[in-house]
Amino acid sequence: MPSLQTALPPELANNTIRLYRECLRRAKYIGSKQFNTELIVNMVRQQFKKNMHETDPDKIQKFKDDAARGLINHMLYESDHFSGRKTRKTAV
């Protein structure tokens, strides 16, 4: 199965710290819209901290793909929202 990270810029997809920071930025943005910033940011932090000692490359790739999927889904949602189209109902 191909990696979802190819949909992200390489400087983000190839660097876990940058991916983490972008996930935190998106979490803060979403939280500010839904008035639960602390909860969403803590969820992102918890997921990264839970898996930070993982050494299996396949599992690490899966975790990074999951993070990339979340970012991509949010970007798609925002692009639909700003363009006036209805949000896609299909799951990625």
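Predicted model: local features only at pLDDT ≥ 70, side-chain atom pairs only at ≥ 80, totals over all residues.
Which element gives the most to the lining of the largest pocket? Helix α4 does, with 9 residues.

**The chain as a whole**

The chain contains 4 helices and 0 strands. The chain has 92 residues, of which 25% are buried. Its accessible surface amounts to about 7000 Å², and carbon and sulfur atoms account for 58% of that area. When contacts between residues at least 6 apart in sequence are considered, 55% of them join residues at least 24 apart.

The average pLDDT is 81, and 79% of the residues score at least 70. Among the elements, helix α1, which covers residues 10–13, has the lowest mean pLDDT, at 67. The highest mean, 92, belongs to helix α3, which covers residues 37–50.

**The largest pocket**

The volume of the largest pocket is about 670 Å³. It is lined by 26 residues, and those closest to its centre are C23, Q47, F48, F63 and A67. Three elements, α2, α3 and α4 (57–83), each give two or more residues to this lining.

How are the rings of Y20 and F48 placed relative to each other? Their centres are 4.8 Å apart and their planes stand at 65°, so the pair is edge-to-face; the angle required for that description is over 60 degrees. Y20 has a relative accessibility of 22% and counts as partly exposed. F48, likewise at 22%, is also partly exposed.

A27 is part of helix α2. Is A27 buried or exposed? Its relative accessibility is 3%, so A27 counts as buried, the limit being under 20%. Setting aside residues up to four places away in sequence, A27 touches I40, V41 and V44. The C-alpha atom of A27 is 6.9 Å from that of T37, a residue 10 places away along the chain.

Y29 also lies in helix α2. With a relative accessible area of 28%, Y29 is partly exposed. Beyond its neighbours within four places in sequence, Y29 is in contact with H74, E78 and F82. From Y29 to I40, 11 residues apart in sequence, the C-alpha distance is 9.6 Å.

**The loop between α2 and α3**

F35 is located in the loop between α2 and α3. Most residues other than glycine have a negative phi. F35, however, has a phi near 60°, which is a positive value in a residue other than glycine. F35 is exposed, as its relative accessible area is 78%.

**Accessibility of the residues discussed**

The table sets out the relative accessible area of each residue named above for which a value is stated.

| Residue | Relative accessible area | Class |
|---|---|---|
| Y20 | 22% | partly exposed |
| A27 | 3% | buried |
| Y29 | 28% | partly exposed |
| F35 | 78% | exposed |
| F48 | 22% | partly exposed |

Terms used:
Residues numbered from 1 in each chain as written. Heavy atoms only, no water. Buried < 20%, exposed > 50% of the residue type's maximum accessible area, 1.4 Å probe, protein only. Contact = heavy atoms within 4.5 Å. Areas by Shrake-Rupley, 256 points an atom, 1.4 Å probe, with all protein chains shown as cover. pLDDT = per-residue confidence, 0-100. Phe/Tyr/Trp six-rings, centres within 6.5 Å; stacked < 30°, edge-to-face > 60°. 1 Å grid on protein atoms, 1.4 Å probe; cavity = no way out; pocket = protein on both sides within 12 Å on 5 of 7 lines; lining within 4 Å. Points joined across faces, edges and corners; volume = space filled by probe spheres on them.
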